[in-house]
Amino acid sequence: MTNTFPEISISTERLVLRPLDEDDVPALAEMMNDELVAAWTAVPQPFTEEGGRTWIFEDAPKERESGAGLTLAVAEFLTQRLVGVIQLSKTNWHVRSTELSYIVAPWARGEGYASEAALATAQWLFRDQRLERIELRTAADNTASQQVAQKIGCISEGVLRNACIARTRTEDGTLAEARTDFIVWSLLPEDLEGVTEQLAEAGGFTAFSDWN
């Protein structure tokens, strides 16, 4: 039988990670049309609200039910405003590994939301789902994403040369593709030891996770 991720809600000090829903569609479309999202991800451009609904109600459920992955909205705990998305993909239940990626809305960057959401997801994956490895891939020039990986305790394993396609905006407003490298990061259960305390001492967040 295929293993699958459950429908889950994870709470942290400032955030709630939950399935995307209809109310998220306008904010999701706005976030996905951001220039940095276009540059560093394979998200279709332009990203429409109809495309958002297809992702929420068709693509994401199919991926979860197949066991391949999971998509979670990242929302502010108090306001429920959408601040980002966490996505798990390429899950191998025999090896007990998955690939984690994150997107944060432009207005919410610099607040530590990506680190907080990624760390809470990793804690849940290791403790509740009994995974043994989480992999992250960041474009060589995407320093913000690399900083998130480092903050949550990831170890850089090497470079996949010429394996990433980044996009840049041309003078006529279209997107042009350019090849670059992927930096591969891994996170194992033992890598999380002390990470929460280090972030707290650095003036970051208190990563308390509660899931149901």
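User: What do the buried residues of α3 pack against?
Analyst: In this predicted model, they pack against α1 (25-32), β3 (70-76) and β4 (82-92).

User: Which residues of α3 are the buried ones?
Analyst: G52, W55, I56, A60 and R64.

User: Where does α3 bend?
Analyst: At W55, by about 40°. W55 is also one of the buried residues of the helix.

User: And how far does α3 reach from its first C-alpha to its last?
Analyst: The helix covers residues 49-66, 18 residues in total, and reaches 25 Å. That is close to the 26 Å expected at 1.5 Å a residue.

User: What follows α3?
Analyst: G67, which has a positive phi, near 90°.

User: Switching to G153. Where is that?
Analyst: G153 sits in the loop between α5 (143-151) and β7 (155-169).

User: Buried or exposed?
Analyst: Buried, because its relative accessibility is 15% and the cut-off for buried is under 20%.

User: What does G153 touch, leaving out residues up to four places away in sequence?
Analyst: L187, D191 and V195. As for L188, its C-alpha is 8.9 Å from that of G153, with the two residues 35 apart along the chain.

User: Now T180. Which strand is it in?
Analyst: T180 is in β8, residues 175-187.

User: Why does T180 count as buried?
Analyst: Its relative accessibility is 15%, and buried means under 20%.

User: What is T180 in contact with, neighbours within four places in sequence aside?
Analyst: T180 is in contact with A139, A140, N162, A163, C164 and A166.

How values were computed:
Residues numbered from 1 in each chain as written. Predicted model: local features only at pLDDT ≥ 70, side-chain atom pairs only at ≥ 80, totals over all residues. Heavy atoms only, no water. Helix = DSSP H or I, 4+ residues; strand = E, 2+ residues; numbered from the N terminus. Expected span 1.5 Å × (residues − 1). Bend = angle between axes of the 7 residues up to and from the residue. Buried < 20%, exposed > 50% of the residue type's maximum accessible area, 1.4 Å probe, protein only. Contact = heavy atoms within 4.5 Å.
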